[in-house]
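I opened this notebook to record what I looked up in the structure. The entries follow in the order of my reading.

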Amino acid sequence: MFKTRKIVDLSLPLTNETPIYPGDPEPNISVATMIENEGYNLHYVHIGSQTGSHVDAPYHFCPNGQRIDESDLSLFIGTGVVIPVLGKGEQEPIVMRDVEAYLDQLQPGKIVLFHTGWSQYAGEEKYFRHPFVQADVIEAMIERGIRTFFIDAINIDITGGTAFPVHDRIAAVNGIIAENLTNFQAIDFPDPLICAFPLRIVGSDGSPVRAVAMDVE
Ligand SMILES: [Zn+2]
């Protein structure tokens, strides 16, 4: 019998103030109907495909890449390996030296979570000058069979540039990236079961998710 001891929410609150990638559609969540008027409460939810905590499909950066509805659902669930990279400065790269000690834990089916701590700056200008992952780090992880990467920052690549080398490499192996996550410090138990399923938006480049880490027995 499957038992959940704890569920940690890794998602940012989704509001009209949720930080969005520069240039993305502005979220507009508002009341559509009210019990007093129509007999039931309902909201309009106008958001981009990658607003709030979200996953990227390979199609986001690869014209022939899989769309989010075509991705293997097994990519969105797995045992997490949290790699602490706290204490990085603005736009500082996460390099091989930072992750070396964790490479032995990586096997196909596992999910890597880069814990930068940067989500504490959500809502500030500094949020967009987050640390980013260097391409050779991702290559070493892909070599070990990792296909799913989570980060508690708005982008796994540097924001403000025109190149997305980490997105390109992950898309090339039909992998998945989850971004704009938070609360990784609350994963205080071993072998967290990580789960962040996308909506089945046909043809989409990505989807908002409710990302969680579960302590299960
Ligand atoms: Zn992305």
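This is a predicted model: local features need pLDDT of at least 70, side-chain atom pairs count only at pLDDT 80 or more; totals for chains, interfaces and linings use all residues.

Entry 2, A178. I set aside the neighbours of A178 within four places in sequence and found A178 in contact with V55, F150, A196, V209 and A211.

I traced an open sheet of nine strands, in the order β1-β13-β11-β5-β7-β9-β10-β4-β12, and noted that the pairing is mixed. β1 (4–9) and β12 (206–208) stand at the edges; each has a single partner strand, so one side of each is left without a neighbour in the sheet. I recorded an average twist of 25° from one strand to the next. For β5 and β7, I noted parallel pairing over five bridges. The bridge partner of V81 in β7 is V112.

Is V99 buried or exposed? I noted that V99 counts as buried, because 21 C-beta neighbours lie inside 10 Å and the cut-off for a buried residue is 20 or more. V99 has its place in helix α2 (residues 96–99). Not counting residues up to four places away in sequence, V99 touches I83 and V137. I found V99 and I83 16 residues apart in sequence, with 6.8 Å between their C-alpha atoms.

Technical notes. Residues are numbered from 1 along each chain as its sequence is written. Two residues are in contact if their C-beta atoms, placed from the backbone, lie within 7 Å. Helices (H or I, at least four residues) and strands (E, at least two) are DSSP runs, numbered from the N terminus. A residue is buried if 20 or more other C-beta atoms lie within 10 Å of its own, exposed if 12 or fewer, and partly exposed in between; C-beta atoms are placed from the backbone. Two strands pair if DSSP finds at least two bridges between them. Axes are lines fitted to C-alpha atoms, for helices over the stretch in contact, and angles run from 0 to 180 degrees between N-to-C directions.
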